[in-house]
Amino acid sequence: MQLLDGRALSKKIEQKVSDEVKELKSTCGCTPGLAVVLVGQDPASAAYVNMKKKACDRVGFYSISHEMPETISQEAIEKTIIGLNNDSNVDGILIQLPLPPHIDTTKLLELVDPAKDVDGFHPYNVGRLVTNLDGFVPCTPLGVMELLHEYDIDVKGKNCCVVGASNIVGKPMAALLLNADATVEICHIFTDDLKKHTLNADIILCGVGVINLITEDMVKDDVVIVDIGVSRTKEGKLVGDVDFENVSKKSSYITPSPGGVGPMTIAMLLSNTLKAAKINAKNMAETKES
Ligand SMILES: Nc1nc(=O)c2c([nH]1)NC[C@@H]1CN(c3ccc(C(=O)N[C@@H](CCC(=O)O)C(=O)O)cc3)C=[N+]21
């Protein structure tokens, strides 16, 4: 059994991003900028936003967070997003999810300029992903692909079982695997007999948020396990969806949680923001020339 060490790989990626930021600064004087929109007081959301901000600082990005009260109106958030779309210091916009129930999340995600959509949640970028065109890909599934690549795990022709069909994890994960020529199954809350599907899988990618959803009797020998779930136990310990202790004994590769997919998500946010900044810098240079 080998661990898929997301923490180690994320450090390597951060170093690369940081080097490229220095180069971008010296060649065009531009600093990549990320804006985060945070609504309400959820401590978990605040903690994630803080982690993102710290990561931005480490690699030399400009970052700004717009923190708004739980009771804020739809219109006020929309105004903020339009302002960020028009702010040339901002290359990437991230709306921290989930938003309060009175807010129309889809409408806000559609308002973000697709060129600044570093989360890859705008339907424009979703469409580009599904048709295998270049665009912004959601950070968590993108990080998973990077992690598999780092350990030379080729998904081509492999049976991949994606558990969870969310717009931010399961669906884009399945699209990326399909684009890489895997055979893909998507299981979800209405799947009858989950075990039947997971037992057949060479690679299981699980992002649901249910502790111990995947147990050792549900996986075949030498399976590759990617645990994307995030939950907290009663004791406050951070855990994934997989019974790590027992499933790891049957696995060829497995992500720890924490220390697996989580740090890769942040690394891909940095990488997507750098990508946006480079495109914007190039467009600016071209506008100046003409
Ligand atoms: N618009 C939007 N984009 C997101 O990308 C987004 C979001 N909303 N809402 C919440 C989820 C969750 N998420 C995580 C990021 C990093 C870790 C991470 O780094 N976790 C560490 C542990 C961190 C700790 O100790 O608390 C690890 O797994 O090792 C986890 C989860 C991004 N999300």
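1. A residue is called buried if 20 or more other C-beta atoms lie within 10 Å of its own, exposed if 12 or fewer do, and partly exposed in between, with C-beta atoms placed from the backbone. Helices (H or I, at least four residues) and strands (E, at least two) are DSSP runs, numbered from the N terminus. By these terms, strand β5, residues 159-163, is mostly covered, with four of its five residues buried.

2. This is a predicted model, in which local features need pLDDT of at least 70 and side-chain atom pairs count only at pLDDT 80 or more, while totals for chains, interfaces and linings use all residues. Residues are numbered from 1 along each chain as its sequence is written.

3. The chain is divided into domain 1 (29-114) and domain 2 (139-262); the bounds come from an automatic or database domain assignment. Taken over C-alpha atoms, the centres of domain 1 and domain 2 are 28 Å apart.

4. Next, the pairing of strands. Strands of a sheet pair through backbone hydrogen bonds, either parallel or antiparallel. Two strands count as paired if DSSP finds at least two bridges between them. In an open sheet of three strands the order is β3-β2-β4, with parallel pairing. β3 (62-68) and β4 (92-95) stand at the edges with a single partner strand each, so one side of each has no neighbour in the sheet. From one strand to the next, the twist averages 15°.

5. Strand β2 (residues 33-39) pairs with β4 in the parallel sense over four bridges, and Val 37 stands opposite Ile 95 in β4. Helix α2 (residues 43-59) packs on the sheet and touches β2 and β3. Contact here means that the C-beta atoms of two residues, placed from the backbone, lie within 7 Å. The direction of α2 makes about 170° with that of β2. Axes are lines fitted to C-alpha atoms, for helices over the stretch in contact, and angles run from 0 to 180 degrees between N-to-C directions.

6. Back to β5. Five bridges join β5 to strand β6 (residues 183-187), and the two run parallel; Asn 159 stands opposite Thr 183 in β6. With helix α7 (residues 170-179) between them in the path, β5 and β6 make a right-handed β-α-β unit. Right-handed means that, with the strands pointing away from the viewer, the path from the first strand over the helix to the second runs clockwise.

7. β5 also pairs in the parallel sense with strand β7 (residues 203-206), over four bridges, and Cys 161 stands opposite Ile 204 in β7. Ile 204 has Ile 225 as its bridge partner in β8, where β7 and β8 pair in parallel over four bridges.

8. Strand β8 (residues 223-227) has five of its five residues buried. In a regular strand the side chains alternate between the two faces of the sheet. In β8, Val 223, Ile 225 and Asp 227 on one side and Val 224 and Val 226 on the other are all buried. Three bridges join β8 to strand β11 (residues 251-254), which runs parallel to it, and Val 224 stands opposite Tyr 253 in β11.

9. Asn 167 lies in the loop between β5 and α7. Asn 167 counts as partly exposed because it has 15 C-beta neighbours inside 10 Å. Asn 167 and Pro 138 are 29 residues apart in sequence and 9.2 Å apart in space, C-alpha to C-alpha.

10. Which element gives the most to the shell around the ligand? Helix α10 does, with four residues.
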